[in-house]
Amino acid sequence: MSDLPECEKVLLVQAELDGELDAAEAAALEAHRTQCPVCRAAAAEITRARELVREAAYEPMPADVRARVVAGLGLAPPQVVVRPASAWRRPWWSGGLGFGFGAVCAAALAFLVLIPAESGLPEQIVSGHIRALQPGHLEDVASEDRHTVKPWFDGRIDFAPPVKDLAAQRFPLKGGRLDYLAGRPVAALVYQRDKHLIDLFVWPAADSGAAAAPTTALRQGYNLVHWTQNGMNFWAVSDVEPGQLKEFAERWQAAP
């Protein structure tokens with residue numbers, strides 16, 4: 001049993017993984033967690049639970065069953081492999097919550113494919129994009145008019161993100177929202193290509209005078225394009241084809 005004190009915000013750690021916090025709440029929790037060992041430990045326990053669920057969720061088909069299927073002799077009864085109880089460690093903080101470790105595991109399983117482990121900035125960007133795709137999280141301001149989206153950010157973040165209209169290039173603007181990446185609040189602009197949504201994350205670059213051509217990456221099946229321009233960092237992420245996402249970046253750079 002840990003001698004760490006309880007924290008009233010620890011329930012928000014699970015809520016954040018469930019995608020139930022808006023951008024401002026998530027940013028506040030992130031700032032709190034840097035100073036709170038209780039919430040950091042809770043996040044670590046939930047992450048470990050997700051890893052255990054990932055390991056136990058799937059089992060290979062037994063060789064004899066596979067042979068029967070191939071031979072056309074019918075399906076054998078499914079074989080269930082029970083994970084020993086010793087493989088699961090009850091978290092020290094579970095007694096202070098309104099739900100047990102089983103609930104944590106169930107929640108981790110439900111969001112296993114939605115919340116990848118965040119080990120770097122590209123992973124954080126993909127995680128933010130997937131989280132935003134849940135109902136009600138995509139846009140804080142929904143509009144195809146950049147003159148509506150751009151001023152919405154005034155007073156909400158400490159910089160003015162550029163917002164461009166790419167409808168003529170078949171990348172219509174859908175809206176925007178606040179998000180939290182790289183240790184700070186950022187602007188997330190939402191565009192669309194056919195049925196595919198594109199998140200464009202924007203925040204000031206460390207070197208305001210530097211500019212960099214687009215570079216591409218792939219994480220968790222999602223394509224990313226990163227570039228810097230006019231003192232801003234840009235990260236575009238989507239499940240659209242990589243060539244189309246790179247075209248989006250090029251269209252953005254060329255647009256007035």
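**Starting point**

Tyr-191 and Trp-252 are both buried, a term used for residues with under 20% relative accessible area, whereas exposed stands for over 50% and partly exposed for the range in between (1.4 Å probe, protein chains only). The model is a predicted one, in which local features need pLDDT of at least 70 and side-chain atom pairs count only at pLDDT 80 or more, while totals for chains, interfaces and linings use all residues. Residues are numbered from 1 along each chain as its sequence is written, and side-chain values use heavy atoms, with hydrogens and water left out.

**Exercise 1. Aromatic rings**

Task: Find how many aromatic pairs there are, and work out why the pair of Trp-152 and Phe-153 is classed as it is.

Solution, step by step:

1. Rings of Phe, Tyr and Trp (its six-membered ring) pair if their centres lie within 6.5 Å, and the planes count as stacked when under 30 degrees apart, as edge-to-face when over 60 and as tilted for the rest. Applying this rule gives a count of 6 aromatic pairs.
2. The ring centres of Trp-152 and Phe-153 are 5.1 Å apart and their planes stand at 85°, so this pair is edge-to-face. Trp-152 and Phe-153 are both buried.
3. Tyr-191 and Trp-252 make another edge-to-face pair, with 6.0 Å from centre to centre and 85° between the planes. This pair links distant parts of the chain, since Tyr-191 belongs to strand E3 and Trp-252 to helix H8 (residues 242–254), 61 residues apart; helices (H or I, at least four residues) and strands (E, at least two) are DSSP runs, numbered from the N terminus.
4. Tyr-191 and Trp-252 also belong to one aromatic cluster together with Phe-171, Trp-227, Phe-234 and Phe-248.
5. A charge sits over a ring if NZ of Lys or CZ of Arg is within 6 Å of the ring centre and within 35 degrees of the ring normal. The charged end of Arg-193 is placed over the ring of Phe-171, 4.4 Å from its centre, and Arg-156 lies over the face of Trp-152, at 4.2 Å from the ring centre.

**Exercise 2. The sheet**

Task: Give the order of the strands in the open sheet, and explain why one side of E1 and of E5 is left without a neighbour.

Solution, step by step:

1. Two strands are taken as paired if DSSP finds at least two bridges between them. The open sheet has 7 strands, ordered E1-E2-E3-E4-E7-E6-E5, with antiparallel pairing.
2. E1 and E2 run antiparallel and are joined by 2 bridges, with Gly-176 in E2 as the bridge partner of Val-141.
3. E2 and strand E3 (residues 184–193), likewise running antiparallel, are joined by 8 bridges. Val-186 in E3 is the bridge partner of Asp-179, and Leu-178 stands opposite Ala-187 in E3.
4. The hairpin of E2 and E3 has 2 residues between the strands, and Ala-182 takes a positive phi near 50° in this hairpin.
5. Of the 9 residues of E2, 8 are buried, so the strand is largely enclosed by the rest of the structure.

**Exercise 3. Asp-158**

Task: Decide whether Asp-158 is buried or exposed, and identify the side chain with which the Asp-158 side chain makes a polar contact.

Solution, step by step:

1. Asp-158 is placed in the loop between helix H7 (146–152) and strand E2 (173–181).
2. The relative accessibility of Asp-158 is 63%, so this residue counts as exposed.
3. A polar contact is a pair of N or O atoms within 3.5 Å, where within protein one must be able to donate a hydrogen and the other to accept it, and residues adjacent in sequence count only if both atoms are side-chain atoms. The Asp-158 side chain makes such a contact with the side chain of Arg-184, at 2.5 Å.
4. Between the C-alpha atoms of Asp-158 and Trp-203, which are 45 residues apart along the chain, the separation is 9.4 Å.

**Exercise 4. Cysteines**

Task: Count the disulfides, and decide whether Cys-36 is buried or exposed.

Solution, step by step:

1. A disulfide is counted where a pair of cysteine sulfur atoms lies within 2.5 Å. The count comes to 0 disulfides.
2. Cys-36 takes part in no disulfide, and the nearest cysteine sulfur, that of Cys-39, is 3.7 Å away.
3. Cys-36 has 7% relative accessibility and therefore counts as buried; Cys-39, at 0% relative accessibility, likewise counts as buried.
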